[in-house]
Amino acid sequence: MTAVLSVENLTVGYRTRGTLVPVVHDVSFEVEPGQVLALVGESGSGKTTTGHAVLGLLPGNGQVTGGRIRFRDQVLTELGPRGWRDVRGRAVSLIPQDPGVSLDPVRRVGHQVEDVLRLHTDLDARARRDRVLELFELVGFTDVERRYRQYPGELSGGMRQRVLIASAIAVEPDLIIADEPTSGLDATVQKQVLDLIDDLRARSGTSVVLVTHDLGVAADRSDLLGVMQHGRLVETGPTAQVLADPQHDYTRRLLDSVPARLASARERVEVPASREVVVEVEDLRKVYGDVAAVDGTSFEVRRGETFSIVGESGSGKSTTARVLTGLTQATSGRVRLLGTDVTGLGRRGFRPLRRDVQIVYQNPYASFDPRFDVYQVVEEPLRSLRDRPPGSGGRFSGRFSGQFSGRLGGRRPHEDEVVAALEAAALPADVVHRHPRELSGGQRQRVAIARALVLEPKIVVLDEPISALDVSVAAQILELLRTLQAERDLTYVFISHDLAVVRAISDRVAVMREGRIVEHGPVERVFSAPETDYTVQLLDAIAGRRLTAGVP
Amino acid sequence: MGRYLARRGAQAVLVLWAAYTLSFVLLSALPGDAVTNRIQNPEANISPEGARTLLAYYGLDRPLWEQYAHSLVGASRGDLGYSLTTAQPVRELLASALPSTLQLTSLGLVFGVLIAAVVAVATNYAPWRWLRTLTASGPALFASVPTFVAGIVALQYLSFRYGLIPSVDDGTFRALVAPAATLGLVVAAPLSQVFATSIRTTRSQPFVHVLHAKGAREGYIFRKDVLRNSSLPVLTLLGLAFGELIAGSVVTESVYARSGVGQLVVGAVNTQDLPVVQGVVLLSTAAYVLINLVVDLAYPFVDPRILVDGAPRGATRRRARQRSVVVEPAAPRLLPAEVVMP
C-alpha cells in the first residue's frame, strides 16, 4: 500500500523581525490509507505547525524552508495558490481546534457546510442542500432541517464540532487534519465526537492526522504515534509499541506524567474520621435569574483531606467554589468554614476568614494585576489583610507603602514571607523581581500557589488549577500540591472536569450534574464501583484506557 | 417589537424637545432679534408706534418664557411659525429648501460609503504593499482636510480651470456631483477607518482560517463572511456620520452657492430669525433620530445574534442549548456505506 501522506525532512520557520526562526526541524513521517497518526507534544513542540503545513496554511510569517510534503502523487510543497485551493477542503480537510470560534456567527450552519460543495463540486443548490442534510444525519443530528437553518450561537460546542466535521467530510477527502478537535469539550462530548471521527474514518477509509496534547486521546484513537519536542519528531511508531516500549527519554517522561499513571503509582493514606470537619456545606443553593446553578448540595471535608468536585461545564462546580471562598453569596443553605457560619456574610464579613481560605484559579495570569511584578503579586494578600485592625484608618496606607517600597530600593517589607512562599512553591528566590509575563505557564501557576500560601491558609480551593497546563508541568504542580498538603496539613477542595486528575489527587470525590451532587464517596469506590449511570458515563468517557492498561 | 418602537418614539420626542429648547435658549441669549434689528436700523425709519405694533404682532413684547411656551405649543401642533425676515411660513421655507439638500446629502452619503469601501478594501487586500500603506493613511488625510478647503480646491480645478462642472447650481446632476463628493469625503474618513480595522479583525478570526482550509479564495471569503461580519460597526457609525453630513451640508452649500437647508440656516442665524433656526433644528434632529432608528432596526438583519428589543437572549439560549444537548443522541454507528456516497 502506498502512503496517502508522506512528509520528508520538513523544516518550517517563522520570520520575526527579519530573521527566520525555525520551529519544525527535519520532520518525516508517512500515513497510509485509513490510518490515524497522532502527533503529540506539549505547547510549542511544533505539532500544530506541522499539521497546518500539510494544509499549506501557515500564518503569514511562516514558511516551509526545507523538505517536501507529498500527498498521493502530488508534491504539495511545490503547489501555487491555485493548486493549494484545489487540494484544500477537497483532498485534505481540517477539523479545527475551537468549535466556538470556527464557524461564522452570522451565517446559517447549513450554508457554511455548503461552502465546500460549492467550491469543489458542480452540484446545484438543491443537490447541495440535500447533501448537507445527509451529512447532518451522518454526524448524528436529528431534526436536520432545523439544524440547517440554525446559527452557530444556537448550538452547543459539541454540536458545532459536528457541523465542522460535516464540512470536513463533505466531499470525502483522503486525509483529515484534526487539530485538537476536542480540547475544549466536556469528556462525554469529547468521546462522542472522537467516536464519530473514528466511525467515519472506518467507513470511508480516510486517513487522519490527529494533533493533540492529550496522550490519552492519542493512545485510544491512533494507529501511529509521533511524539514531538522542540520542533523535532523524537519518536514515531505504531501506537501500541510506543506506549509499551518507549525509546526516547522524552516519551517516557511524557507517559510518566499522565495523571492516570500517577494515580496508580501512589497510595493515599486515609484521613481518619476522627479529624475535625473544616468545611461543612448543607443544602446549598445558588440561583441566578431563574436558573439554579447549585441546587441543594451537601458535603463535609475534614482537615488534611482532598475533596474533589467533578462535573462537566455548567454543573455548578465553580459556583460552589465561589460560595466557599466568599466571592458569591449563597441563595439558601448553610456553609460553615472552620466552625464559622459564612452563609450570610458578604465580602466584608468574609474578610477575617480570607487568610484561612484561599483560592487558586485555572488561569493564574488573568488573576494577576498586570502592573505587578512577582513580589507584588505574592505580597498582595499580606498588604490587604495584615497590619489592619478592623475599623482603623490604615485602609490605603498599607496598599501604597507596599507598592512604592519596591521602587525605592532596599528590602521590601514582606520580603521574607514572600520568598518563603515562593520557595514553598518550588520557585527560585530570584523570580521575585521578574514580571509574570516573563514566566512560563507552570511557573505562573506556582506564583499563584505562592500567593495563596503566603497567608498560611488552612483551606485552599483549587479551581481547575492544572487544566491549562501541559501534561508534564501539570504533573509537577500536582506533586507540589501533594507535598504542600503533607507538610502544612492543608485541606483542599479541588474543582475539576478531569476525572483522571481527580483520581490522582483526591481522597473523596463528589460528582456534580446540573447543580446537584449525583454521587459521592471515597475516590477508589466511586471509580471502581460507580453507583449512578451518569458516573458510569463519565468514567467511560475518560480517554487513555490504553495508557493505563499495562500499568497495574 | 411594538413596545420597542413606542419606547424609541417617546425617546425621539424627548430628544426633539431638548434640541428645540436648547436652540431657543442659545438664540435668546444673543442680544436682539430679527425684528428689533430691523427697527433699530436707521435706514428703516420705523415710527415708535409701528415698532410696537410689529413687536406685538410677532409676540416679541411678551416675556421670554411666554414666547417659548407659545412657540413650543405651536411646534407640537406642527405649526413652526413665520420667518421674522420674510414673513413666510417656516414650513414653506423648509419644504422648498429640503429637496436640494436631500439630494446633496443622499448623494454625499453614497459617495462616502463608496469611498470608504474602496479605501477599506484596498487597505486590506491590495496586492502591493505601497498601495495598502497609501490607502491606510487616507482616512486621516480626509479627516484633516476641512470641507471648505476640499470644496474650494475642487471648485477651482474642476470648474474654473477645466470647466467640467458648473460653478453654480443650475439644477443639473453635474452640478451636484462636486459638492456631493466633497461632502462624501468628509463622511468617508471615519467610515473607512472603522471599516478597514473591522475587516482586519474579522480576517484574523479562526473561522476565516477554516474557510481557507475549505479551499475558498479571498474573494469568496470576503463576500460570504468578512463583509457581513465587519459591517456591523460601520452601520453603527453610519448613523452617527449622518450628523456630520448635516453639518457638512451647511458649509458645502455655502461654498458651492447652492440653495438648500444649509443656506437657509446660515441666513437665519445671521439675521437672528429664531423661528427659521428652530425649524431647521427640529428638522435635522428628526432626521438624525430617524436614521439611527433605521440603523438599529437593521442590526438583526446583519447579525442574527442581535435582537431588536434587547430582550435578554442568554436565558432562552441557555434553555435551548440544554434542551438540544439532551435530545441529541450519539452518532449513529455503522450506517451502510452507500450513505456516504453522494
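## Glu180 of chain A

Glu180(A) lies in the loop between strand 7 (175-179) and helix 7 (187-204) of chain A; helices (H or I, at least four residues) and strands (E, at least two) are DSSP runs, numbered from the N terminus. Because 19 C-beta neighbours fall inside 10 Å, Glu180(A) counts as partly exposed (buried means 20 or more other C-beta atoms within 10 Å, exposed 12 or fewer, partly exposed in between, with C-beta atoms placed from the backbone).

Leaving aside residues up to four places away in sequence, Glu180(A) touches Gln97(A), Val211(A), Thr212(A) and His213(A) (contact means C-beta atoms, placed from the backbone, within 7 Å). Glu282(A) is 102 residues from Glu180(A) in sequence and 40 Å from it in space, C-alpha to C-alpha.

## Basis of the model

This is a predicted model, in which local features need pLDDT of at least 70 and side-chain atom pairs count only at pLDDT 80 or more, while totals for chains, interfaces and linings use all residues. Residues are numbered from 1 along each chain as its sequence is written, and chains are lettered from A and ligands numbered from 1 in the order in which they are written.

## Domains of chain B

Chain B is divided into domain 1 (2-76) and domain 2 (93-310), with bounds from an automatic or database domain assignment. Their C-alpha centres lie 33 Å apart.

In the contact between them, 17 residues of domain 1 of chain B meet 14 residues of domain 2 of chain B. Helix 1 of chain B gives the largest share of the domain 1 side, eleven residues. By class, that side has eleven nonpolar, three polar and three charged residues (Ala, Val, Leu, Ile, Met, Phe, Trp, Tyr, Cys and Pro count as nonpolar, Asp, Glu, Lys and Arg as charged, and the others, Gly among them, as polar).

## Helix packing in chain B

Helix 1 (residues 2-29) and helix 13 (residues 274-302) of chain B pack at about 150 degrees, with axes 9 Å apart (axes are lines fitted to C-alpha atoms, for helices over the stretch in contact, and angles run from 0 to 180 degrees between N-to-C directions). These two helices are therefore roughly antiparallel, a term for angles over 145 degrees. The residues in contact include Ala12(B) and Leu16(B) of helix 1 and Val281(B) and Thr285(B) of helix 13. The contact has 14 nonpolar, three polar and one charged residues.

Helix 10 (residues 206-213) and helix 11 (residues 218-255) of chain B have axes that come within 11 Å and cross at roughly 150 degrees. Phe207(B), Val208(B) and Leu211(B) of helix 10 meet Ile221(B), Asp225(B) and Val226(B) of helix 11. Five of these residues are nonpolar, none is polar and one is charged.

Technical notes. Contact = placed C-beta atoms within 7 Å. Parallel < 35°, antiparallel > 145°, perpendicular 65-115°, else oblique.
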